[in-house]
Amino acid sequence: MAVKPEQSHNLKPPLKWAGGKRWLIQYLNKYWRHHRDKRLVEPFCGGLSVALGLNPDKALLNDLNPALINFYQHLKAGLVIDIEMVNNEQVYYKSRDTFNRLNGNPEARLMAAQLFYYLNRTGYNGLCRFNKKGGYNVPFGRYKTINYQDDFSHYQPVLSHWQFSNVDFEQLDVADDDFIYADPPYDTPFRQYSQQGFDWEDQVRLAEWLSRHPGPVVLSNQATDRIKKLYRELGFRLRYLDAPRLISCKGNERQAVKEVLALRGL
């Protein structure tokens with residue numbers, strides 16, 4: 001059943017998001033609090049937990065996933081959902097087919113945004129996954145109950161000063177004093193978060209791009225040997241944290257993994 005949320009000064013991320021970074025806010029705040037006057041730039045804004053947690057006055061929020069950015073652009077405009085949202089397998093797969101037919105159609109962006117929210121809340125374990133043809137292919141979830149929201153107008157005042165974009169990170173118009181927080185897809189075998197994917201060459205390209213930014217930079221990634229070597233050789237300071245693993249073979253299992261923060265200009 002859809003419900004209308006209470007107004008809140010502490011907005012929660014509107015989507016379920018595997019690998020979300022709400023847990024990281026307490027660590028990022030130690031760096032962000034000295035730069036609150038700057039614009040926050042996220043090349044991979046994901047589930048929006050960092051931007052909502054840090055609450056910047058100005059932000060440039062980008063992501064590889066056009067369906068995600070389409071949803072956020074409608075969220076910024078005061079999204080109200082009027083489609084059927086039920087925790088039902090048959091309805092889910094019918095809606096997934098409709099979304100895949102409409103996704104990318106400029107005349108169906110509002111409907112695609114509504115369907116994206118429904119699929120996200122109803123699909124398996126907070127995953128967001130597309131095949132190489134651009135089809136959303138997350139299977140039906142196994143939740144006993146889901147509390148859907150249908151009115152997101154309370155996000156509008158906060159997001160009104162934020163800019164959303166869907167471009168390659170190197171195309172972002174970044175100012176020298178912007179505070180960049182980069183959370184790219186993890187350096188793991190699963191990289192089909194968007195149709196384009198994100199491979200090792202992209203990881204290297206990102207690291208080199210971040211190393212050229214004269215302002216403050218924080219990157220988070222899984223602490224694989226080659227990620228640590230890459231950022232260390234580019235002059236970043238590394239800090240290690242135990243991160244909660246939000247995806248596992250079984251939904252009730254959670255495994256701690258090592259996360260690395262690569263810091264520059266801080």
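Q: What does partly exposed mean in terms of relative accessible area?
A: Partly exposed lies between buried, under 20% relative accessible area, and exposed, over 50%. In this predicted model, E170 has a relative accessible area of 37%, so E170 is partly exposed. R205, at 24%, is partly exposed as well.

Q: Which side chain does R205 meet in a salt bridge?
A: A salt bridge here needs a side-chain nitrogen of Lys or Arg within 4 Å of a carboxyl oxygen of Asp or Glu. R205 meets E170, with N to O at 2.7 Å. The pair links distant parts of the chain, 35 residues apart: R205 sits in helix α7 and E170 in the loop between β5 and β6.

Q: How many salt bridges does a search of the whole structure find?
A: The search finds 12. One of them joins the side chains of K21 and E259, at 3.9 Å from N to O. K21 is in the loop between β1 and α1 and E259 in strand β9, so this pair ties together parts 238 residues apart in sequence. K21 is buried, at 4% relative accessible area, and E259 is buried, at 0%.

Q: Is D187 buried or exposed?
A: D187 counts as buried, with 9% relative accessibility. Its salt-bridge partner R226, 2.8 Å away between the closest N and O atoms, is partly exposed at 40%.

Q: Which residues of helix α1 are buried?
A: In α1, residues 25–32, they are I25, L28, Y31 and W32. Seen down the axis, these buried residues fall within an arc of 115 degrees, so they line one face of the helix.

Definitions and conventions: Residues are numbered from 1 along each chain as its sequence is written. This is a predicted model: local features need pLDDT of at least 70, side-chain atom pairs count only at pLDDT 80 or more; totals for chains, interfaces and linings use all residues. Side-chain values use heavy atoms; hydrogens and water are left out. Buried means under 20% relative accessible area, exposed over 50%, partly exposed in between (1.4 Å probe, protein chains only). Helices (H or I, at least four residues) and strands (E, at least two) are DSSP runs, numbered from the N terminus. The arc is that of the directions from the helix axis to the C-beta atoms.
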